[in-house]
Amino acid sequence: MVTESSCVLAFDLGASSGRAMLGRLVNGTLSLTEIHRFPNDRVQAGGGVYWDILRLYHEIKLGIGKALREEPGILSLGIDSWAVDYGLIGPDGELLGNPYHYRDSRTDGCMEELGDLLGKDTIFGLTGIQFLPFNTIYQLYAARKTDSSSLKQASKLLMIPDLLRYFLTGEMKSEFTNASTTQLLNPASGEWELKLLEAIGLPASLFLPPVQPGTPAGTLQASVAEELGVPPLPVIAVAEHDTASAVAAVPAESEEFAYLSCGTWSLMGTELNRPVLTPQALEWNFTNEGGVNGTFRLLKNIMGLWLIQECRSAWEKEGDSRSFAELVQAAAQAKPFRSLIDPDHRMFIHPAHMPKQIQSFCRETGQPVPESKEEIIRCVMESLALQYRSVLQRTEELSGRSFNGLHMVGGGIHNTVLCQYTANAIGRPVWAGPAEGSAIGNAAVQLISLGKISGIQEARDIIRRSFPVDTYLPEEPAVWEEAYRRFAETIIN
């Protein structure tokens with residue numbers, strides 16, 4: 001038997017860590033091997049919060065070197081990351097300062113101010129993107145308001161994966177899925193919306209025409225290849241928003257499915273051929289982000305495991321070194337449904353102390369205040385699961401579809417307690433897997449671009465038979481139905 005093997009390198013950058021993964025397609029089966037993992041910590045300096053972009057670039061170069069020593073036959077590489085953040089390039093091709101972190105507070109009030117100025121219905125009608133205070137449009141509006149010298153000097157704007165790819169190749173390209181998250185791209189035309197650019201005083205020349213996922217985007221420039229002692233490896237613009245890559249990896253048999261990409265953020269929705277720009281979608285603050293093959297991801301951002309991560313971070317500083325998993329398992333033994341929170345309340349975006357903020361929310365809403373760490377974590381997980389039910393129901397209404405279960409992908413599926421709570425809350429099966437959805441989708445788009453996989457449906461078929469999926473069936477329906485009734489009355493807006 002002749003072995004057919006193809007290998008690509010996927011860099012998946014999350015809000016707390018990054019990883020380099022080798023994706024090997026061997027006789028129709030895809031496998032993933034972690035080659036390099038590194039932290040991605042936000043940096044506070046001079047009153048601002050930034051990404052350590054050169055450290056990320058350094059780690060990517062380390063990952064390339066390690067990967068090619070492990071597998072000299074790598075065919076290409078691609079990078080995906082979180083959305084909305086960007087770097088500014090000057091006329092000489094140099095990066096103008098460290099990219100801001102989306103949790104920097106300089107955008108406070110900008111979403112409301114611009115919404116009053118232009119009208120939320122106008123902004124949504126032009127872009128189809130949900131209103132989040134850190135969207136790129138508000139970051140740029142904040143920069144204009146403060147007369148940012150970097151913005152005045154800038155020749156081009158590159159989203160984070162575009163920027164890192166530019167460092168590697170010397171070529172600048174803007175990729176569609178990440179460009180769509182800026183709230184500046186028109187989904188109908190696939191081009192930058194000039195009315196919005198004019199409204200915030202930005203030249204159209206700052207933005208490059210977006211290219212579709214799978215577009216070849218250059219090769220490692222000679223200086224990088226020489227530094228690393230590697231060949232000039234091709235670089236592909238994959239679905240560079242990590243959620244777009246994760247959705248590409250959903251192992252669904254049908255073209256109509258619901259997904260939950262679960263990590264620092266939870267993103268729930270479905271994949272459609274056209275955006276949903278209805279008044280109801282605006283009222284419920286859903287979004288229409290770009291996907292593979294020109295599709296749109298009708299979805300809603302939910303705060304996600306950030307809530308637990310920040311609780312653990314606060315407690316670590318106070319001397320509690322328990323792991324994420326240990327805290328979650330302890331929380332499963334706490335009294336159920338004692339208190340509930342709105343996971344998406346703005347008070348949880350960048351609090352000084354997350355546990356105290358959760359207690360404050362419960363106090364202000366007249367609920368029992370969770371005192372122990374176990375009570376706080378249980379409160380978060382139950383609230384997330386109930387929020388997932390609300391968003392799933394609204395996704396069905398907006399899309400005109402009905403889903404018999406939910407596909408969960410991403411690192412959050414390691415939280416088996418949350419997976420079970422989610423099945424309980426929605427009253428339907430949850431299919432959890434694969435965990436490394438973004439990296440798998442990244443690799444799949446590269447393999448499609450290289451002609452090794454025929455298209456996205458074949459990719460999903462390969463992923464379904466290549467990676468394990470755990471099924472969670474709903475339990476205690478009456479208890480969770482009563483909890484949702486209470487959640488709907490007191491939390492849902």
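A249 lies in the loop between α10 (242–248) and β15; helices (H or I, at least four residues) and strands (E, at least two) are DSSP runs, numbered from the N terminus. The model is predicted: local features need pLDDT of at least 70, side-chain atom pairs count only at pLDDT 80 or more, and totals for chains, interfaces and linings use all residues. Residues are numbered from 1 along each chain as its sequence is written, and side-chain values use heavy atoms, with hydrogens and water left out.

**Surroundings of A249**
- With a relative accessible area of 0%, A249 is buried (buried means under 20% relative accessible area, exposed over 50%, partly exposed in between, with a 1.4 Å probe and protein chains only).
- Apart from neighbours within four places in sequence, A249 is in contact with P434, G437, I440, G441 and I463, where contact means heavy atoms within 4.5 Å.
- A249 and N442 are 193 residues apart along the chain, and their C-alpha atoms are separated by 8.3 Å.

**Strand β16 and its partners**
- Strand β15 (residues 258–262) pairs with β16 in the antiparallel sense over 5 bridges; two strands pair if DSSP finds at least two bridges between them.
- A hairpin of 3 residues joins β15 to β16, and Y259 stands opposite G269 in β16.
- Strand β18 (residues 296–302) runs antiparallel to β16, with 7 bridges joining them.
- In this pairing T270 stands opposite L298 of β18.

**Packing of α1 against α6**
- The axes of helix α1 (residues 53–70) and helix α6 (residues 160–169) come within 11 Å and cross at roughly 60 degrees. Axes are lines fitted to C-alpha atoms, for helices over the stretch in contact, and angles run from 0 to 180 degrees between N-to-C directions.
- The two helices α1 and α6 are therefore oblique to each other; angles under 35 degrees count as roughly parallel, over 145 as roughly antiparallel, 65 to 115 as roughly perpendicular and the rest as oblique.
- From α1 the contact uses I53, L54, Y57, I60, K61 and I64, and from α6 it uses I160, L163, L164, F167 and L168.

**R165 in α6**
- R165 is placed in helix α6 and counts as buried at 1% relative accessibility.
- Leaving aside neighbours within four places in sequence, the contacts of R165 are I79, G170, K173, E175, A217, V235, A237 and E240.
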